[in-house]
Structures are given as C-alpha cells and as structure tokens.
Amino acid sequence: MKVKMILPALTEALSPFWRPIKYHLFPPLGLAAIASFFDENDDIDLQDEHVERLCLDDDPDLVVIQVYITSAYRAYELADHYRHKGAYVVLGGLHVTALPEEAAHHADTIFLGPGEDTWPQFLADFRAGHPATVYQSKSRTLAGVPPIRRDLIKRHHYLVPNSIVVSRGCPHHCDFCYKDAFYKGGKSFYTQPVDEALAEIDRLPGKHLYFLDDHLFAHAEFAAELFEGMKGMGRVWQAAATVEAILRPGLLEKAVAAGLRSLFVGFETLNPHSLKEQHKYQNLNRDYNLAIQRLRDHGVMVNGSFVYGMDNDDETVFDRTVEWAINQGIETATFHILTPYPGTPLYTRMREQQRIIDHNWDRYDTRHAVYRPVNMSLETLEAGYWRSYQEFYRWSSIVRGAWTKEHFADRMRHLLYTGAWKKAEPCWDLLIRAKQVNHLLPVLERVLASFGHRWTDQEGRNEARSPLQERSLLG
Ligand code: B12
Ligand code: SF4
C-alpha cells in the first residue's frame with residue numbers, strides 16, 4: 001500500500017515572523033509514532049511541511065494528516081486535494097479531537113485522542129475493506145508499542161534529530177491546556193515501561209536528546225528509574241517539568257546525573273490569583289526563586305514559559321515579568337498570549353462570557369489576542385507581548401541575566417546559548433537553506449555538556465568547572 005503522511009505547516013510559515021530555526025530544532029513524533037503499525041512492505045512517505053516543500057502530484061492510496069489548530073486550514077486544504085484525487089484521507093491529532101465535526105467535512109475517517117489503540121484497528125479494518133468513519137481512543141497504554149519509525153524522519157533537516165517521548169499527557173489539569181480535552185474518555189497520563197524507554201534511548205545515535213513529554217518528571221518513580229538507567233549513557237538532554245517537580249528533593253539531582261542540561265518550566269504567571277483562576281494549583285505557593293536557584297546550583301539552564309492576558313493581568317504585567325526573568329538569570333523565555341483552545345475549560349468559560357471575538361484558527365498561535373481581556377485593551381496585550389521579547393532579548397538584558405551568575409563558566413554559557421538562539425538568526429537561516437543545520441549539533445552538545453557540568457567536591461558541595469578544566473577533561 002502506498003501511504004502519504006503529512007504534518008502540515010502552520011500558516012505562520014508564510015508570514016514575515018516565520019523563524020525557520022524554531023521548526024528545524026527537532027522532529028515532532030506524532031506521525032512517526034503511529035507509522036510503527038504499518039507493514040514492512042507498505043511504501044510510506046512522511047513529510048513535515050515545516051522543513052520541506054510538499055510534493056502534491058503523487059497518487060497515494062492512503063493519506064494520513066496530523067492536525068494542530070494553527071495548521072488546521074492547511075490540513076483541510078491538503079485533505080481536500082487528495083480526496084479529489086481519489087485517495088482515502090484520514091485526519092487525527094489535537095484539533096480533530098477538539099472539533100471533530102469540523103474535521104469530518106474533510107476526511108473519510110477521523111481519529112479522536114491518541115492513536116496507539118485506534119490506529120492498528122483502523123489498519124485492519126481498512127485492509128479488510130470496511131473502515132469506520134470515526135475511531136475514539138479508549139484504551140491507553142504504551143507497553144509493547146512498536147518503536148517509533150525513525151527511518152521515516154529526515155534527520156538532516158533538524159538541529160537535534162533525537163527527539164523522544166516516553167509518556168503521554170500530564171497528571172495536572174490547567175484550564176488553558178489541551179490535555180484534558182484530548183485524553184477525554186481514558187487515562188490522561190501514562191508512561192512507557194522504563195525498560196522500553198531505555199531501549200529507545202539506547203537506539204538513538206549521538207549524544208543529545210530532546211524529550212517532548214509534557215512533563216517528564218510527573219511520575220516520580222518512573223522518572224527516578226529512568227534517570228538511574230540513563231546514568232553512564234553519556235547523554236546530554238533537555239526536557240520540560242513543573243516548578244513543583246524541581247523543588248521535590250532528589251529527583252532533579254538524578255536527572256542532572258543522567259545528563260539534564262536545560263529545562264522548560266511553565267511558570268506562566270507570578271500572580272497567585274491568576275494561578276487559581278487557571279486551576280494551575282501545582283504552581284501555587286511554590287517558591288519560583290528557589291526552583292531557579294536549585295536548577296542553577298545543578299548547572300541546568302532554564303527556558304521559562306509565561307502567559308499574558310489572564311483576568312488579573314493589567315498593563316503592568318509585562319515589565320514586571322520580564323524584569324523578574326532577567327533578574328533570575330533565566331537563559332531563554334517564551335511568552336504567550338493566553339489562548340482559549342476549543343475543548344478546554346478556558347474556552348468554555350470565555351465562550352459563556354461571550355468574550356471570544358475571533359474564530360480564525362490561524363490566529364490561535366499564542367501571539368494574537370482572540371478574546372477580550374478584562375483589565376487592559378487587546379492592543380495593549382499584543383503590544384506588551386511583543387515588547388517582552390524585545391526587552392528580554394536585548395543585549396543589555398542578556399548580559400544582565402548572565403551576570404546574575406556566580407561562576408564565570410555559567411556566565412559564558414548564558415551569553416553563548418542565549419546569543420546563539422536569538423541573535424544569530426540570519427546564520428541559522430543560511431545553514432537551514434544549505435541543509436547543513438545538523439552540522440551544528442556537536443557545538444550545541446559541547447556548550448551543554450561542558451560549561452554547565454558540575455562536580456562534587458570532597459565536602460559534597462557542587463562546583464562549576466572552569467572551561468579550562470573542562471577542556472582538559474574532554475581532551
Ligand atoms: C514538538 C512541539 C512543537 C515544535 C514543533 C511542532 C511542529 N512542527 O508542528 C515547536 C516547538 C516548533 C512547536 C511550536 C508550537 N506549538 Co507545540 N508542541 C510540541 C510538543 C512538545 C510535542 C509534539 C509531539 O511530537 N508529541 C509527541 C507525539 C507522540 O504526540 P502527538 O503529536 O500528540 O501524536 C499523538 C496523537 O496526537 C495522535 N495523532 C496525531 N496525529 C494523528 C493522526 C492520526 C491519523 C491518528 C490516528 C492519530 C494521530 O497519535 C499520536 C500518538 O499518540 C507538544 C506537546 C506534546 N507533548 O505533544 C506541543 C504542542 C503541540 N504545541 C502547542 C502549541 C500551542 C504550539 C504553538 C502554537 C506555540 C507557539 N506559540 O509557538 C506552536 C505552533 C506549532 C504548529 N505547528 O502548529 C500545543 C498545542 C495546543 C493545541 N490545542 O493545538 C502543545 C500540545 C503544547 C501544549 N501543552 O499546549 N511545538
Ligand atoms: S502542567 Fe502543563 S501539560 Fe500539565 S496540564 Fe498544566 S499546562 Fe498542561
């Protein structure tokens with residue numbers, strides 16, 4: 001059977017704000033994960049439109065499209081194109097699950113929820129000639145799932161080709177998050193068996209890993225076993241976790257010993273009323289400063305995530321947040337405008353309050369205000385969002401952030417890492433165009449592996465090695 005799998009690009013790909021490096025960082029894994037259920041002799045072409053131009057004049061038997069909200073219109077356009085050509089078209093993913101009726105107009109079959117249980121069932125039905133129009137995932141497990149089809153991923157397009165995901169979902173229930181809507185009807189958080197996760201890591205070439213899990217530290221026992229198993233594998237890696245998990249004694253230490261060098265942390269807001277408003281209770285009454293100090297003491301860089309536009313936010317929120325992030329020495333920050341994704345409690349609430357003013361999914365990219373904020377105008381919200389990026393990433397702020405650090409090595413790493421991400425975009429673009437981005441991976445690995453490394457002195461204190469000491473250690 002001839003199969004075409006497509007991850008359509010979001011409309012942003014055509015906009016002046018398009019940042020190629022963001023999409024050439026690491027491969028998303030949704031389609032490669034379900035591709036593992038195909039037969040050996042199925043002829044599969046997997047295309048990620050964010051990194052390659054789609055070939056649309058082929059004639060596959062089956063077209064499989066993953067739909068995110070920001071790429072929904074493009075996904076429907078592609079689906080219509082292939083249906084017109086006579087292919088059987090199926091749609092799945094977050095947006096299909098949130099709005100099945102909308103997606104069903106463009107598909108022969110739609111899938112709701114994760115695909116590990118429904119996809120093999122569909123393939124059997126399809127081959128037998130009687131596929132259903134809707135498959136709803138109910139049984140949730142990653143045990144025994146065949147390995148992700150990494151052979152279908154064009155590794156040379158990505159800076160860090162080793163993305164990996166060892167769990168699904170998250171145990172928390174924040175109002176703005178896609179999670180509860182997507183996993184409705186079954187478990188909303190589950191992990192791979194540790195042995196299978198370690199085997200997957202072992203199969204990955206090179207050194208650097210990028211975990212795509214929503215919250216890698218969520219299941220403390222699983223995480224501790226995973227990190228124990230990774231010790232000695234010589235990996236450096238990045239992942240996401242909550243403030244609460246960072247503060248939990250013991251787990252961070254194990255992660256660092258296993259090679260953790262940079263962590264994405266959802267701080268979201270510095271205002272406890274806003275945390276309550278969004279039911280983000282796991283962040284409530286947690287000492288953010290202490291969490292950052294712990295990460296810093298262990299040589300882990302921080303990518304802080306912040307959300308603007310909650311009902312308690314007024315126009316002072318932007319400067320306050322940026323100033324705090326700089327003073328804390330956070331290396332990279334991502335700012336978002338609160339976005340009511342369909343299916344979430346936030347969407348339901350705002351809809352009831354008749355505050356949603358825009359239903360153009362292209363604008364649900366966390367850069368646009370698609371609703372009426374309470375304590376500021378929509379224009380102030382969008383302007384404050386853009387100003388935050390400008391302020392946080394100006395050189396004076398980067399230097400100020402770097403100099404909050406005690407050790408010279410950490411200051412240098414901050415300057416190199418943050419500067420490379422935000423100040424060297426034209427160089428990234430050139431490398432991407434020349435299909436050479438992957439060649440910079442060793443440099444990233446060296447920055448992550450060497451500068452932030454910690455050793456324990458005889459009294460059990462953590463110390464940073466100087467770059468000189470590092471160089472002699474690395475040979
Ligand atoms: C990697 C990633 C990115 C990458 C690349 C994404 C890309 N090229 O599209 C980057 C960093 C660039 C990025 C950017 C953005 N992202 Co993003 N990203 C992710 C992340 C961390 C991992 C995705 C992944 O590979 N997951 C692992 C695979 C196995 O899971 P999966 O993709 O869901 O696939 C499973 C199911 O969905 C299902 N499935 C999917 N497709 C199909 C199809 C069929 C036929 C079937 C049967 C099943 C099926 O089966 C799969 C196996 O279970 C997710 C969080 C997460 N943990 O998923 C956020 C996430 C997808 N991103 C999100 C957002 C909001 C964005 C941005 C808008 C943010 C921004 N302001 O920049 C942009 C826009 C992205 C876009 N393309 O539209 C949200 C989406 C919310 C929503 N309702 O759509 C998520 C869920 C994060 C979150 N917790 O809110 N992202
Ligand atoms: S902690 Fe993160 S992944 Fe979990 S529900 Fe909240 S926003 Fe979603």
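## Residue classes and the shell around ligand 1

Ala, Val, Leu, Ile, Met, Phe, Trp, Tyr, Cys and Pro are counted here as nonpolar, Asp, Glu, Lys and Arg as charged, and the others, Gly among them, as polar. By these classes, the shell around ligand 1 holds 19 nonpolar, 12 polar and four charged residues. The structure is a predicted model.

Ligand 1 is surrounded by 35 residues, and the closest are Gly 30, Gln 66, Gly 92, Pro 114 and Gly 115. Two or more residues of this shell come from each of helix H1 (20–23), helix H2 (30–35), strand E3 (62–66), strand E4 (88–92), helix H4 (94–98) and helix H6 (118–127). H2 gives the largest share, three residues. Ligand 1 lies between domain 1 (2–136) and domain 2 (159–416), because both domains give residues to its shell.

## The two domains

The chain divides into domain 1, residues 2–136, and domain 2, residues 159–416. Their C-alpha centres are 27 Å apart. Domain 1 puts 19 residues into the contact and domain 2 puts in 21 residues.

On the side of domain 1 that touches domain 2, the elements giving two or more residues are helix H3 (72–84) and H4. H4 supplies the largest share of that side, three residues. The class count for this side of domain 1 is 12 nonpolar, six polar and one charged.

## The shell around ligand 2

Which residues surround ligand 2? They are Cys 170, His 172, His 173, Cys 174, Cys 177, Lys 179, Asp 214, His 215, Thr 242 and Gly 266. By class, three of the residues in this shell are nonpolar, five are polar and two are charged.

## Helix pair H8 and H9

Helix H8 (residues 194–203) packs against helix H9 (residues 220–230) at an angle of about 40°, and the axes are 10 Å apart. The crossing is right-handed. H8 contributes Val 194, Ala 197, Leu 198 and Ile 201 to the contact, while H9 contributes Phe 222, Glu 225, Leu 226, Gly 229 and Met 230. Seven residues of this contact are nonpolar, one is polar and one is charged.

## Helix pair H14 and H16

Between helix H14 (residues 317–327) and helix H16 (residues 378–392) the packing angle is about 25°, with the axes 10 Å apart. H14 is therefore roughly parallel to H16, since angles under 35 degrees count as roughly parallel. The crossing of H14 and H16 is right-handed.

From H14, the contact takes Phe 318, Thr 321, Val 322, Ala 325 and Ile 326; from H16, it takes Gly 384, Arg 387, Ser 388, Glu 391 and Phe 392. The classes in this contact are five nonpolar, three polar and two charged.

## Helix pair H17 and H18

How do the axes of H17 and H18 run, roughly parallel or roughly antiparallel? The axes of helix H17 (residues 395–402) and helix H18 (residues 408–423) come within 8 Å and cross at roughly 150°. H17 is therefore roughly antiparallel to H18, as angles over 145 degrees count as roughly antiparallel. This crossing is right-handed.

H17 meets H18 through Ile 398, Gly 401 and Ala 402, and the H18 side consists of Arg 411, His 414, Leu 415, Thr 418 and Gly 419. The contact of H17 with H18 comprises three nonpolar, four polar and one charged residues.

How values were computed:
Residues numbered from 1 in each chain as written. Chains lettered and ligands numbered in written order. Predicted model: local features only at pLDDT ≥ 70, side-chain atom pairs only at ≥ 80, totals over all residues. Near = placed C-beta within 6 Å. Helix = DSSP H or I, 4+ residues; strand = E, 2+ residues; numbered from the N terminus. Domains from an automatic or database assignment. Axes fitted to C-alpha atoms, helices over the stretch in contact; angles between N-to-C directions. Parallel < 35°, antiparallel > 145°, perpendicular 65-115°, else oblique. Left-handed = near helix turned anticlockwise from the far one by under 90°. Contact = placed C-beta atoms within 7 Å.
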